[in-house]
Amino acid sequence: MALNLDRRHFLGLAGAGAGAAAISACGGPSTGGSAAATGAADIDFSGVKPAASIDFWSNHPGKSQDVEKAIIEKFHAKFPDIKVNLVTAGANYEEIAQKFQTSQAAKSGLPGLVVLSDVWWFRYYSNGNIIALDSLIKQLDIKVDDFQKSLVADYKYEDKQWALPYGRSTPLFYYNKDHFKAAGLPDRAPKTWQEFGEWAPKLQASSGAQYAYIYPALAGYAGWTLQNNLWGWGGSWSNEWTFNCDSEESVAALQWAQDSIFKDKWAGVSSKEAADDFAAGITSSTISSTGSLLGVLKSAKFNVGVGYLPGGPKSESPVCPTGGAGLGIPSGVSKEVQLAAATFLKFMTEPENTAQFSAATGYMPTRTSADMTAVLAATPQIKTAMDQLAVTRVQDNARVFLPGADQEMAKAAAAILTQQGDVKATMTSLKATLEGIYTKDVKPKLKS
Amino acid sequence: MSLLSPVSPDPAANAGPAADAFDADPGIPPQRHRPFSRANLVQTLAGGYLPLIVATLVVFLPLLWMVLSSFKQPGEIITMDLKILPESLNFENYNIAMTTVPFAQFFLNSLIVTGVGATIKVLLAILTAYALVFVRFPYKNVIFVLILVALMVPPQVSILPNYILIAGMGGKNTLWGIILPGLGTAFGTFLLRQHFMTLPGSILESAEIDGAGHWRRLWRIVVPVSVPSIATVALVVVVSEWNDYIWPLIITDRPETMTLPVGLTLLQNSEGNGSGWGILMAGAVLVIVPILLVFAALQRYIVAGLTQGSVTG
Amino acid sequence: MTRQLTDRPRAAVEPKPAPTPRARWSARTRRDFFVFLALALPNLLLIGVFTYLPLFNNIYYSTLDWTLGSASATVVGFDNYVTFFTSSDATKVLGTTAVFTLITVGGSMVLGLLVALALNSKIRGTTFARSAVFAPYVLSGVGVGLVWLFIFDPGYGVLAWLLRGIGQQSPQWINDPQLSLVMVIIVYVWKNLGYCAVVYLAGLQSLPQDVMEAASLDGANGFRRFVSMALPLLSPTTFFLLITTMLSSLQAFDLIRIMTPLGNGTSTLIYEAYLQAFGAFNRAGYSAAISVVLFAILLIITVLQLRFVERKVHYS
């Protein structure tokens, strides 16, 4: 923080003097200074008094606005000196990021605590927009060991903790039990996509639904959920920093997906929210986030089954990515605000509250000690999501570390799954795009 | 929305006298002197009404669909068999829309932003246009060209610099922060200047001989004879302030200071899934209908004014 | 409306000098100087600070390699422009912009003219119809975008339902980038054709009576006569519309933002500039460069318009 204040100070001075810099003095970037500080320096919070009020920016993942409000109220009861304002800062992770970055540019209006998705936190880190939480974790005694290990590890870089998990999810296979029964299929998710390929025509013939399976809406989901298909076939978006999305395996996986739509004609692509299409009965099955679970159970007028994601010809497991959002603390706010935010962050992620959040949304409890018995009694399906965590695989670098890559993947998926574009050609061009982003935006910032 | 881009710096383009807007009075059939010819009769019967009805339906059906859907429950929307009419006149969606997000507050904010913003803008436009036309000043043409060029700067392009500026002044999440950057009005100035150019110089000269100063000449002579043009500018400004989207979206993130279109996006954020369509349509009704009513009441000015000067290119 | 199109008297073709008589005393000139400043300065200052300053800031930003959200940037000169024009982005974005602009401009003008012809008749109800077709033009782009998004929704939209009725599946309006563009174009034309119709109507009503009679659309040769006789006389109106609708099409934003937030297939220059800065990449400098390109295009169109008007003066 001290670093930041100094820089701002410097900017003001430079602006007042130099004529050329005057244009940028009202808040533009500095071009004279050294590279951006990363906020990596440990901040000493001893003797700091938490601020009286902080903003909490959320997009309410999994329709969590009500439960967020409820937890904040509990927080107010326990810490009457800190007021938390819940701000709806966007409809999705992209919009919240957009708002956050704009505020960064203006160096004002920043929240104390912000929801950051799997594809955004690294960008914030590399811009120096968020602080390392380690000293706060120590001072406030946040029990990091009690968190789900893999979920915490997602936000580790350079041996520091840059965020803590919040609305964390995996994709789940949702199926219409009634349709499966009518088609004479076993009451479970398919083990592999090949198995489902055999089931699909039967399902379609007996269910009366438009599709046997619907691919999640491409925007916001394709990059995430198609990893399941890619991994099952032995492919991926990337292997470390090698972009192999045009490999034989990757192409085969997406070719199969394309065929399911255009050749075998039992699959479709959702336009907005596959979970809604599923709940409406348009399709007999789909893949959607665990965060959609409670919503689906509420609106579906049939028996809902959930299961692990299907594997592919090369790999049956692990073929499930984790995803969802964490919470981070901006670097551009005062120590007092950061401390207050961390106090709230600690409260928000306590076992009891993560269980409450999970019960309301379907997101996974982030703490191993969270008491889920009551939650599971009410919604046993959450158990599947929790168990699947054991067989998840770390997401491909290309998706989570390259800014904008998720959207480029969605565009490529649109070309393949809705325009019936040539798979190999599309993937080759995606590879070039990803490499371009890597060289321009990421490689220079990586610590080798 | 850029309502009207420059018409022409050519004063002839705007040769219509102040009574222009009245000429478009809907009560008077446009072609008074046209004989009721046989050909015309045939045209009326064969093709007269059909295209009109089609055109009107194309406009109204989507809006009607919006209103109908705003009464439908999720079960009536998330379904494969579409029902055209809602099962009942259920205001539940309006209720949800107005409790999920504070629509009354949005409405009030929109009213304030539009009222204050539009009033100041119109005033500034009148003053500047008067100065440009009737007050001697060097470089008036340069200033006018600069105003013309300002019309070319897409407002979206100024977002980031303006955000940095306004946020730095503490204008984030304030109504003045929403209003201030849009106050300078190139469009209104331009349109009124074009109109003032057409006023006969004689009436002002006689006033000047009577010893009337600029201030009196402006309010006693120029403004009264220009009411229709000013009304037009006012309505265009009201409409664009009311509908303005991207700037209020960027500069506010608290419901207390959001305007209606931004509030509608906030509602979309909260109800952005299939079952939320009914609620979103209710929200859309709340945003669209007020301006539709204003338009219906004053359409003859707005329609007349927007086409001002257009026919001569 | 201004009826005098071709039959306008000779007057008022040259810009009239301000009707203030020649200065008599320099004191008056000086007083006028201050009066002018008092009247015009607030507005001019506001335009300067919130339109021109951002414009220059943008030009400055366009020379930076600056990630939005980062506190520092590197000066890179014209690199951003070079990157834009040498990448595949340029062809894609300029192509999308061209398609969007040409079809929305052409579509609203042709349909607008047809509606204007229908409105230009003596039958009752034209006043109502005229207001009706104009109404969408004044509505909020956000509201209109949402309403149409619901209509186009491939799952639950009324369009999908109609198509299912004839045994068809709904096109993938949202996922398919080309269809997204088609969708946005349709809605944009819907929203703006009323403007063209009303302007054309004013033009039609200013035509000499005999021309309209001779060229009325009835009869076998009506259309041909209309094209050969009335249309040329409408060319000033057509030109005016061409310019104004082109400028607003190039600046179309709200509908695209609401209907296709990620801009796949609908990234026109203005939207691409917005996305590059505020979307996933946060390339503020690059975005500023695209903005400057857009501004240059808008400026060129305006200059062309001014030149045309100058020439027109000579034969009007």
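**Notebook: B:Val289 and onwards**

I started with B:Val289, which counts as partly exposed because it has 15 C-beta neighbours inside 10 Å. For the record, buried takes 20 or more other C-beta atoms within 10 Å of a residue's own, exposed 12 or fewer, and partly exposed is in between, with C-beta atoms placed from the backbone. I found B:Val289 in helix α15 (residues 277-306) of chain B. I also looked up B:Ala186: 103 residues separate it from B:Val289 along the chain, and their C-alpha atoms are separated by 28 Å.

Before going on, I noted that this is a predicted model, where local features need pLDDT of at least 70 and side-chain atom pairs count only at pLDDT 80 or more, while totals for chains, interfaces and linings use all residues. Residues are numbered from 1 along each chain as its sequence is written, and chains are lettered from A and ligands numbered from 1 in the order in which they are written.

**Helix α7(B)**

Is this helix enclosed or open? Nine of the ten residues of α7 (residues 159-168) of chain B are buried, so the helix is largely enclosed by the rest of the structure. The buried ones include B:Ile159, B:Leu160, B:Pro161 and B:Asn162. B:Tyr163, B:Ile164, B:Leu165, B:Ile166 and B:Ala167 are buried too. After α7(B) comes B:Gly170, with a positive phi near 80°. Helices here are DSSP runs (H or I, at least four residues), as are strands (E, at least two), numbered from the N terminus.

**Sheet in chain A**

Next I traced an open sheet of five strands in chain A, with mixed pairing and the order β2-β1-β3-β13-β6. β2 (83-88) and β6 (164-169) of chain A stand at the edges with a single partner strand each, so one side of each has no neighbour in the sheet. On average, neighbouring strands of this sheet are turned by 25° against each other, direction ignored; axes are lines fitted to C-alpha atoms, for helices over the stretch in contact, and angles run from 0 to 180 degrees between N-to-C directions.

I then checked one pairing. Strand β1 (residues 53-58) of chain A runs parallel to β2(A) over six bridges, where pairing needs at least two DSSP bridges between two strands. A:Ile54 has A:Val84 in β2(A) as its bridge partner.

**Domains of chain A**

The domain assignment (automatic or from a database) gives chain A domain 1 (34-168 + 324-378) and domain 2 (171-321 + 396-445). Their C-alpha centres lie 29 Å apart. The contact takes 16 residues from domain 1 of chain A and 13 residues from domain 2 of chain A, with contact meaning C-beta atoms, placed from the backbone, within 7 Å. On the domain 1 side, α5 (121-127) and α15 (351-361) of chain A each supply at least two residues. The largest share of that side, three residues, comes from α5(A).

**Chain A against chain C**

How many residues does each chain bring to the contact? I get 34 residues from chain A and 31 residues from chain C. α4 (93-106), α12 (274-280) and α19 (405-417) of chain A each supply at least two residues of the chain A side. α4(A) gives the most to it, with six residues.

Last, chain C itself: its secondary structure comes to 13 helices and two strands. Buried residues make up 56% of its 316 residues.

Note on methods
Two residues are in contact if their C-beta atoms, placed from the backbone, lie within 7 Å.
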